[in-house]
Amino acid sequence: MIKSILHEACLSMTGNKLRSFLTTLGIIIGVCAVVLMVAAGQTVQNIIQERFVAMGANLLIIRSERPKATVKTSGPTTSITLEDATALRHLRGVDTVAPVLSANAQAVRGTNNWSVSIIGSTPEYLRTANWEIGAGRMLDAQDVKRGTTNVVIGDEVRRELFPFDDPLGKTIRIGNQPFTVVGLLKEKGSSSGGANQDSSVMMPLLTVQRRFNRYAKLNALHHIALKFQETEDLNIIEQRITRFLRARHKIKDEDPDDFRIFNIAEFVENIKLIGTVLSILLAAIASISLVVGSIGIVNMMLVSVTERTREIGIRKALGAPNSWIMLQFLFESVLISMAGSVIGLILGVGLAQLGGYIYNTAVPFSLWPVVLSFTVAVVVGVVSGVFPAYKAMKLDPIEALRYQ
Amino acid sequence: MSVIVIKDVCKTYTMAGGMSQSVLKHVNLKVEKGEFVAIMGPSGAGKSTFMNILGCLDRPTSGAYVLGGKEVSAMNDDELARVRNKMLGFIFQGFNLLMRRTLVDNVALPLIYANDIAPQERKKRAESLLEMVGLKGFTGRYPNQISGGMQQRVAIARALVNDPELILADEPTGNLDSKTSDEIMLFLQKLNRERGITIVLVTHEPDVAAYAQRLVRIVDGQIAYDGAVKAYMEGNRD
């Protein structure tokens, strides 16, 4: 019986191809939009996540944090010092430690100038921050020891200051002081804080301490970048560092830490959450078009019931039970939304992959749009078919036969 | 054996405002197997209502209707649908074929609702009936590709496809010219005479009614005449 009803429903649908197609189009666009938006959301999420993992999942950033209760002093202060960094090197589980003193300045070369962030550190910084040299060399132990004016510049700085020539060995002015470019950093992208890391200029720590120090103390650091061994557990190493630094800073048990440890893993989790929320939001917006599409089906089915009143009358007179009439119309709307979903799904996945191909990005193919679109197909089909089908079922055969 | 036994059937419509109108008043009728009955009467006399009740499309307000040995006057919608499907064949004035279906699909349509006949069997039966009504080469055509007379023959084939106890024809020649009309009536007459199929026909044309054996005249909701067609035609012409 179901087979016969399905057959009849198919025949009715194909009987008015243009209208069926236009109605299906609403669902196609809706499902396609949902699939595309979900794919877009997931792709963005993946890209962000990849960037963070590239930064190093076992990277910790230790920053000073001024306890709220302390008396305000003028100018920025910091509790993290170069001595802390040196001491941390010997802590168990620590791989590399890079002390960082940062500053902002304007870099000038000829008529080109660019706002750069200065990173004063040691050669370990590269390994700690998972960064690589693209050309030339990294600052070496001699640079660090003597506080030379050699610098390694980020990719963006290179583009802005040396658009046409090789920067190696050339002199640039940073904060109105001359520096020599000895190396180029590879392109890296944005940092966890959203800052553009490619606009960095790396200098020996001592150089920054002498020329760009904003802090009251000579040995003050902006932060310590610390990479711990892969075998270590994040929480345990954080606790160990905390105990160690508290002891070094002679903090009483009842007082809070004067520093704070940031880790990438937590950040990645937060970013993932943002990505998920973004995906859901995009899907929600796209599903509006699905709602519009299903209203299209309701409309089409209602017109169809009115238009086919006489047909319904004939069918009833020839012995079609009410359930048959109802199911036939229900199947028609389910078939339309099903066809729309399948086409929309294929189109959406195809477009998503095409987009990924064009932008050279891996677009994840997940199963749940498939599940979603079929659920949507059945739900939309049934919901938008029920009322018209009920209307068809309730028609009085005598009245329906008289209908012109 | 009686195909139709109608006993004391009344049909009353209740209008908005509580007014009620009696359309059929205590009608009694018996139709035996193999009879060819024409129902006539002026417009508004209750012919259509009576036909709807006979066709199990409507239920009497009171009284009993036994069709082929089954009491049908108190059945629900789906039971009535089943009775229509198994025991009745309809021929309408407007042919009432499905325009988007082929002729063979149209003829086989009642069998779909019978639920117990395989698609191939349905097709076979429909094809043999189309052949019987003289439309052998037309099975794949659509109703709008053939003439009105042909369409009515398709409708006759459809009415016969389920081997009904009774064929109900409601003004079957109303949309046809007189020549085609004669053809259709002769065909119905042949079905009645050669195959013993019981036919009840509603018409207001005496020429059409003349093909039947028996005439039932309904006037003002009551049976005013019930007897041989010939006797009536000879006795008083209206």
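Chain A has 13 helices and ten strands. The structure is a predicted model, and everything below describes that model. Of the 404 residues in chain A, 41% are buried. Among contacts in chain A between residues at least 6 apart in sequence, 83% join residues at least 24 apart.

One place to begin in chain A is strand β2(A), residues 94-109, which pairs with several other strands. Strand β3(A), residues 112-121, runs antiparallel to β2(A) and is joined to it by nine bridges. Within this pairing, Ser102(A) has Ile119(A) of β3(A) as its bridge partner. The two strands form a hairpin with two residues between them, and Gly110(A) in the turn has a positive phi of about 60 degrees. Strand β9(A), residues 223-228, also pairs with β2(A) in the antiparallel sense, over six bridges. There, Thr96(A) stands opposite Lys227(A). A further antiparallel pairing, over two bridges, links β2(A) to strand β6(A), residues 171-174. In that pairing Val108(A) has Arg173(A) as its bridge partner.

Further along chain A, helix α13(A) covers residues 397-402 and includes Arg402(A). Arg402(A) counts as partly exposed because 13 other C-beta atoms lie within 10 Å of its own, while a residue is exposed at 12 or fewer and buried at 20 or more. Although Arg402(A) and Gly313(A) are 89 residues apart in sequence, their C-alpha atoms are 8.4 Å apart in space.

Chain B contains an open sheet of four strands in the order β2-β1-β4-β5, with antiparallel pairing. Its edge strands are β2(B), residues 20-32, and β5(B), residues 70-71, each of which pairs on one side only. Inside the sheet, strand β1(B), residues 2-14, is joined by five bridges to strand β4(B), residues 62-67, and the two run antiparallel. In this pair, Ile6(B) stands opposite Tyr65(B) of β4(B).

The two chains meet in a contact that takes 19 residues from chain B and 17 residues from chain A. On the side of chain B that touches chain A, the elements that give two or more residues are α2(B), residues 77-87, and α3(B), residues 103-112. The most comes from α2(B), with six residues. By class, this side of chain B has eight nonpolar, four polar and seven charged residues.

Helix α2(B) also has buried residues: Leu80(B), Ala81(B), Arg84(B), Asn85(B) and Met87(B). What do the buried residues of α2(B) pack against? In chain A they pack against α10(A), residues 309-317. In chain B they pack against β4(B), β6(B) (88-91), α3(B) and β7(B) (166-170).

In soluble globular proteins, nonpolar side chains tend to be buried together. The largest nonpolar core here has 129 residues, of which Val34(A), Val35(A), Ile39(B) and Val107(B) touch the most other members. Helix α11(A), residues 322-358, gives the largest share of this core, 14 residues. Leaving aside neighbours within four places in sequence, Ile39(B) is in contact with Lys47(B), Phe50(B), Val200(B), Leu201(B), Val202(B), Val216(B) and Ile218(B).

Methods. Residues are numbered from 1 along each chain as its sequence is written. Chains are lettered from A and ligands numbered from 1 in the order in which they are written. This is a predicted model: local features need pLDDT of at least 70, side-chain atom pairs count only at pLDDT 80 or more; totals for chains, interfaces and linings use all residues. Two residues are in contact if their C-beta atoms, placed from the backbone, lie within 7 Å. Ala, Val, Leu, Ile, Met, Phe, Trp, Tyr, Cys and Pro count as nonpolar, Asp, Glu, Lys and Arg as charged, and the others, Gly among them, as polar. Two strands pair if DSSP finds at least two bridges between them. A nonpolar core is a set of buried Ala, Val, Leu, Ile, Met, Phe, Trp, Tyr and Cys residues joined through C-beta atoms within 7 Å.
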